[in-house]
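Subject: Structure handover

Hello,

Here is the structure I promised to pass on. Please open it first, then read the notes below.

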Amino acid sequence: MGVAAGPIRVVVAKPGLDGHDRGAKVIARALRDAGMEVIYTGLHQTPEQIVDTAIQEDADAIGLSILSGAHNTLFAAVIELLKERDAADILVFGGGIIPEADIPPLKEKGVAEIFTPGATTASIVDWVRANVRQPAGA
């Protein structure tokens, strides 16, 4: 992706039927407080809506929050849509209730990182800063 002007832009999304968004909102606020631009999509987003938003907003990354158990299907759908739309340079990371056994296959599909319960907001902010493009002048 390289170096672009302005702060890192992250779409924080809640795909699927999961109706619990407190964690996603906490992460969105932590990223915003760390100087990033955050676009929170709200609840019940389809993978298509999430990818459309990321492309329209010129996002550097997508953070997915899933508690419903549909992470294997929904993460893969977002990754595939990004590839289909020539936007595979948008980094995808996620978190939620995701069994340890599911993490390696998700990473093999292209998910850059998974944060499970107990991950601190500071560790997530640090990871985003270290792994998503650096703002100009950084």
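Which elements do the buried residues of H2 pack against? They pack against E1, E2, E3 and H3. Contact here means heavy atoms within 4.5 Å. Buried means under 20% relative accessible area, exposed means over 50%, and partly exposed lies in between, with a 1.4 Å probe and protein chains only. Helices (H or I, at least four residues) and strands (E, at least two) are DSSP runs, numbered from the N terminus.

Some ground rules before the rest. This is a predicted model, where local features need pLDDT of at least 70, side-chain atom pairs count only at pLDDT 80 or more, and totals for chains, interfaces and linings use all residues. Residues are numbered from 1 along each chain as its sequence is written, and side-chain values use heavy atoms, with hydrogens and water left out.

The buried residues of H2 are Pro-47, Ile-50, Val-51, Thr-53 and Ala-54. Seen down the axis of H2, they fall within an arc of 160 degrees, so they line one face of the helix. The arc is that of the directions from the helix axis to the C-beta atoms. Just after H2, Asp-58 has a positive phi of about 55 degrees.

Thr-41 sits in the loop between E2 and H2. Thr-41 is buried, with a relative accessible area of 18%. Not counting residues up to four places away in sequence, Thr-41 touches Val-11, Val-12, Ala-13, Lys-14 and Thr-53.

**Helix H1**

H1 covers residues 22-33. At 1.5 Å a residue, its twelve residues should span 16 Å, and its end C-alpha atoms are 16 Å apart, which agrees. The expected span is 1.5 Å times one less than the number of residues.

Ala-24, Ile-27, Ala-28, Ala-30 and Leu-31 are the buried residues of H1. Down the axis of H1 they fall within an arc of 165 degrees, so they line one face of the helix. On the other side of H1, Arg-22, Arg-29 and Asp-33 are exposed. An α-helix has 3.6 residues a turn, so residues three or four places apart point the same way.

What do the buried residues of H1 pack against? Their partners are strands E1 (9-13), E2 (37-40), E3 (61-66) and E4 (91-96), plus helix H5 (121-131). Gly-35 follows H1 and has a positive phi, near 95 degrees.

Leu-17 lies in the loop between E1 and H1. Leu-17 is exposed, with a relative accessible area of 77%. Leu-17 and Arg-32 are 15 residues apart in sequence and 25 Å apart in space, C-alpha to C-alpha.

**Strand E4 and its partners**

Five of the six residues of E4 are buried, so E4 is largely enclosed by the rest of the structure. E3 and E4 run parallel and are joined by six bridges. Two strands pair if DSSP finds at least two bridges between them. Leu-91 in E4 is the bridge partner of Ala-61.

E4 also pairs with E5 (residues 113-115), in the parallel sense, over three bridges. Phe-115 in E5 is the bridge partner of Gly-95. From E4 the chain crosses through helix H4 (residues 103-109) to E5, and this β-α-β crossover is right-handed. E3, helix H3 (residues 71-84) and E4 also make a right-handed β-α-β unit. Right-handed means that, with the strands pointing away from the viewer, the path from the first strand over the helix to the second runs clockwise.

Gly-96 is in E4. Is Gly-96 buried or exposed? Gly-96 is buried, with a relative accessible area of 13%. The C-alpha atoms of Gly-96 and Pro-117 are 6.3 Å apart, although the two are 21 residues apart along the chain.

**The nonpolar cores**

A nonpolar core is a set of buried Ala, Val, Leu, Ile, Met, Phe, Trp, Tyr and Cys residues joined through side-chain atoms within 4.5 Å. The largest has 24 residues, and Ile-62, Leu-64, Phe-75 and Leu-82 have the most contacts inside it. E1, helix H2 (47-56), E3, H3 and H4 each supply at least two residues of this core. H3 gives the most, with six residues. Apart from this core lies another, of 17 residues, among them Val-10, Ile-27, Ala-30 and Ile-124.

Best wishes
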